[in-house]
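This report describes a single protein chain by its secondary structure, nonpolar cores and salt bridges. The sequence and the model are shown first.

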Amino acid sequence: MVIKVFVATSSGSTAIKKKQQEVVGFLEANKIDFQQMDIAGDEDNRNWMRENVPGEKKPQNGIPLPPQIFNEERYCGDFESFFSAKEENIIYSFLGLAPPPGTKETEKSDTSAETEAHTEHSADEGAHEEAQSPPEDQQENKEEDAAAGEEEKHEEGEEKEEEGKQGEGEEMEEGKQGEGEEVEEQEES
């Protein structure tokens, strides 16, 4: 399995050059075997690339721009697809290669396999519980009723709290009036 990166070695576009350099540099840094296929100097490469890029990946003018990435005959993607796969740490699956041990992608595939197994187990349990539990719309109604009840309790609690504060304020005012009367009585004596 050889990764083929179709590039234009004599491109006048700096944007294309940067994209090509990023793809090639990444593959070299990660020691992924690949071949650069020049479309600027070899018309057969250019024609092969144009014919094998899927129609939905071709731009409106119908001529795909480099870099285009293939695994043997299988189309992997263009620069944007490559960049997304790199950001998501799924570059090896993007390229159709098995990830080397110890890479994040290996950990992801191990985790996803565990998740799938757990999901299947949960689905089996869910089917058993589903037979015993009420239909979903009844369940939603119960949840809505419970939420409404909680909201009413919360509002009642706030009202009681307000009443309590008002009562404390009245008691304090009465206490102040009572103190004032005591002071007046002491002065008269």
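Is Glu 22 buried, partly exposed or exposed? Glu 22 counts as partly exposed, with a relative accessibility of 28%; buried means under 20% relative accessible area, exposed over 50% and partly exposed in between, for a 1.4 Å probe and protein chains only.

## Basis of the analysis

The model is predicted, and local features therefore need pLDDT of at least 70, side-chain atom pairs count only at pLDDT 80 or more, while totals for chains, interfaces and linings use all residues. Residues are numbered from 1 along each chain as its sequence is written, and side-chain values use heavy atoms, with hydrogens and water left out.

## Overall composition

The chain contains six helices and four strands, taken as DSSP runs numbered from the N terminus (helices: H or I, at least four residues; strands: E, at least two). Along the sequence these elements follow the pattern β-α-β-α-β-β-α-α-α-α.

Of the 189 residues, 22% count as buried. The chain exposes about 13700 Å², of which carbon and sulfur atoms supply 46%; accessible areas come from the Shrake-Rupley method with a 1.4 Å probe, and for residues only the protein chains shown count as cover. Among contacts (heavy atoms within 4.5 Å) with a separation of 6 or more, 55% are between residues 24 or more positions apart.

## The sheet and its helices

The four strands form an open sheet in the order E2-E1-E3-E4, with mixed pairing; two strands pair if DSSP finds at least two bridges between them. Strand E2 (34-38) and strand E4 (74-78) are the edge strands, each pairing on one side only. From one strand to the next, the twist averages 25 degrees. Strand E1 (residues 3-7) and E2 run parallel and are joined by five bridges. Lys 4 has Gln 35 in E2 as its bridge partner. In general, strands of a sheet pair through backbone hydrogen bonds, either parallel or antiparallel.

Two helices may be described relative to this sheet. Helix H2 (residues 43-52) lies across E1, E2, strand E3 (68-71) and E4, and runs at about 80 degrees to E3. Helix H3 (residues 79-87) lies across E3 and E4, at about 85 degrees to E4. For these angles, axes are lines fitted to C-alpha atoms, for helices over the stretch in contact, and the angles run from 0 to 180 degrees between N-to-C directions.

## Nonpolar cores

The largest nonpolar core has 16 residues, of which Ile 69, Phe 82, Ile 91, Phe 94 and Leu 95 touch the most other members. A nonpolar core is a set of buried Ala, Val, Leu, Ile, Met, Phe, Trp, Tyr and Cys residues joined through side-chain atoms within 4.5 Å. E1, helix H1 (14-29), H3 and helix H4 (91-95) each give two or more residues to this core, and H4 supplies the largest share, four residues. A second, separate core of eight residues includes Phe 6, Ile 39, Met 49 and Tyr 75.

Phe 94 belongs to helix H4 and counts as buried at 12% relative accessibility. Leaving aside residues up to four places away in sequence, Phe 94 touches Ile 69, Arg 74, Cys 76, Gly 77, Asp 78, Ser 81, Phe 82 and Ala 85. Under the exclusion of neighbours within four places, Ile 91 is in contact with Phe 26, Phe 82, Ala 85, Lys 86 and Glu 105.

## Salt bridges

A search of the whole structure finds three salt bridges, each defined as a side-chain nitrogen of Lys or Arg within 4 Å of a carboxyl oxygen of Asp or Glu. In one of them, Lys 19 pairs with Glu 80, the closest N and O atoms being 3.4 Å apart. Lys 19 lies in helix H1 and Glu 80 in helix H3, so this pair ties together parts 61 residues apart in sequence. Lys 19 is partly exposed at 29% relative accessible area, and Glu 80 is partly exposed at 43%.

Lys 86 and Glu 22 form a salt bridge with an N to O distance of 2.7 Å. This pair links distant parts of the chain, with Lys 86 in helix H3 and Glu 22 in helix H1, 64 residues apart. Arg 46 forms a salt bridge with Glu 43, the closest N and O atoms being 3.8 Å apart. Arg 46 and Glu 43 are separated by about one helical turn because they are three residues apart in helix H2. Glu 43 is partly exposed, with a relative accessible area of 49%.
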